[in-house]
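Hello,

Here is the structure for you to look through. Please open it first, then read my notes on its salt bridges below.

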Amino acid sequence: MKLQRKNRLRALSLGAVAVSSALALTACGSDDNGEGNANGGSSAAANASSVKCDDAKGQLLADGSSAQKNAIDAWTKVFSPACNVQINYKGAGSGAGVTSFTQGQIAFAGSDSALKPDEVAASKKVCDGGQGIDLPMVGGPIALGYNVPGVDNLVLDAPTIAKIFDSKIKNWNDEAIKKLNPGAKLPDLKIQAFHRSEDSGTTDNFTKYLLATTPENWKYSGGKAWQAQGGQAASGSAGVAQGVKQNSGAIGYFELSFAKGIDTVAIDTGAKTPVKPSTESATADIAAAKVIGTGKDLALQLDYKTRAEGAYPITLVTYEIVCDKGNKADTLPATKAFLRYIASEDGQKVLAQNDYAPIPAEIIAKVRTTIEGLS
């Protein structure tokens, strides 16, 4: 017992040291962004001591949403050294994550879209006696980042955004953009609209916003795959952000945590003041979300058409997808321990430090209860 306690204390000590230095590199979590968070290290080191490892051991393979990759990285830097469990999260996109999960290749998946009926059916083949369920864990705004020299405070509305990404508006000095930005010096510069090249829950949520708010200008069915013609394709949120940063005249959609050093659009929702993406403005929108999942599934319905003051309309919630029953015995303890930590009060605090929005209290309480019942 003394030896176990000594090893446990040593692991926690190493975790605190690793976190305090590593999180300084990861306000955006990964090497794609490279800018640190001034507050992340000390708070992350402090909450390492609250991780409950139980029988967690070994390695967890996971994949999915690139939107939450920065959050996963930040969480892992606390959890892994505390519990001596390696988290290998690829972040190849929501579509890839769900496919890998339903094929039994990973312990859990991250997805910015809830499971569809056919995906639930497929999950029953790998969840022995159960099925895949959606656990909302990460919230945040989908920022529209842009690179237009001389324009610092760009305002756009839903119809204009739809026309830009459908190649109907081609130049930055278009009359529709001028009308929304009467004081700006808009250049005669070609627009380069960047979208995701792979199946993406971020794409799904972005196009849900367009379908909900301006269906007359967005004639596509929506979903994880990009459907509009034209524009520039890039892999992952990091790839889209990099494309915007490197190309004059570019605009693209990605999570706020990928927007370091990139100007972001304020959305004219019909409220008195256009709304910029922030953790606060996203939380204001997510707080109005409704649970529409059944049983242990906690899928949410977001309000993309909000006109509430200070509520940012292009938000997403990333789910951790796991079996409610029939999880693999060798990975279940580590899966529960990791999910328990990221859903905890300390785990959710990490989100705000990394430009994500914590899940509202009433919803995350249900998530915690569901995690304890996983088997």
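This is a predicted model, in which local features need pLDDT of at least 70 and side-chain atom pairs count only at pLDDT 80 or more, while totals for chains, interfaces and linings use all residues. Residues are numbered from 1 along each chain as its sequence is written, and side-chain values use heavy atoms, with hydrogens and water left out.

Start with K224. It is buried, at 11% relative accessible area. (Buried means under 20% relative accessible area, exposed over 50%, and partly exposed in between, with a 1.4 Å probe and protein chains only.) E119 is buried as well, at 16%.

The side chains of K224 and E119 form a salt bridge, 3.8 Å from N to O. (That term means a side-chain nitrogen of Lys or Arg within 4 Å of a carboxyl oxygen of Asp or Glu.) K224 sits in the loop between α8 (201-213) and β7 (232-234), and E119 in helix α5 (residues 117-123), so this pair ties together parts 105 residues apart in sequence. (Helices, H or I and at least four residues, and strands, E and at least two, are DSSP runs numbered from the N terminus.)

The rule gives 10 salt bridges. One of them joins E198 and R196 at 2.7 Å, N to O. Both residues are buried.

Another links E372 and R340 at 2.8 Å, N to O. E372 lies in helix α13 (residues 361-372) and R340 in helix α11 (residues 332-343), so the pair connects parts 32 residues apart in sequence. E372 is partly exposed at 41%. R340 is buried at 16%. Through shared partners, salt bridges join D54, R340 and E372 into one network.

Best wishes
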